[in-house]
Amino acid sequence: MTKPHAGPSPDEIKEKQALDDALEEGLEETFPGSDPVNVTQPAPTLGDNHVKRSD
């Protein structure tokens, strides 16, 4: 026979809550995560005439 599961210990509950809080904070810090990353260089504007670019 197997023993019934007693459930998580108070330390396990605290650790899980700390991990959940850290995950939530990380998600809030990176919001909005759905914005696409701009991987192209925009074309120079008239205000960029003083900037020397190398190709």
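Modeller: Asp and Glu count as negative and Lys and Arg as positive, with His and the chain ends not counted. This is a predicted model, in which local features need pLDDT of at least 70 and side-chain atom pairs pLDDT 80 or more, while totals for chains, interfaces and linings use all residues. Residues are numbered from 1 along each chain as its sequence is written, and side-chain values use heavy atoms, without hydrogens and water.

Colleague: Which residues form the negative surface patch?

Modeller: Asp-21, Glu-24, Glu-25, Glu-28 and Glu-29 form the patch. A patch takes residues with over 30% relative accessible area and no salt bridge, and joins like charges within 9 Å. Glu-24, in helix α1, has a relative accessible area of 42%, so Glu-24 passes the area cut-off.

Colleague: What makes Glu-24 partly exposed?

Modeller: Buried means under 20% relative accessible area, exposed over 50%, and partly exposed in between, with a 1.4 Å probe and protein chains only. The 42% of Glu-24 lies in between, so Glu-24 is partly exposed.

Colleague: What makes the contact of Lys-16 and Asp-20 a salt bridge?

Modeller: The term needs a side-chain nitrogen of Lys or Arg within 4 Å of a carboxyl oxygen of Asp or Glu. Lys-16 and Asp-20 meet at 3.0 Å, N to O, so the pair qualifies. The structure holds one salt bridge. The two residues are four apart in helix α1, about one helical turn. Lys-16 counts as exposed, at 51%, whereas Asp-20 is partly exposed, at 35%.

Colleague: How do you know that α1 is hardly covered?

Modeller: Among its 20 residues, the count of buried residues is zero. Of the 55 residues of the protein chain, 0% count as buried.

Colleague: How many helices and strands are in the protein chain?

Modeller: There are one helix and zero strands, where a helix is a DSSP run of H or I with at least four residues and a strand a run of E with at least two.

Conventions. Patches are made of residues with over 30% relative accessible area and no salt bridge: like charges are joined within 9 Å, nonpolar side chains (Val, Leu, Ile, Met, Phe, Trp, Tyr) within 5 Å. Accessible areas come from the Shrake-Rupley method with a 1.4 Å probe; for residues, only the protein chains shown count as cover. The place of a charge is taken as NZ of Lys, CZ of Arg, CG of Asp or CD of Glu.
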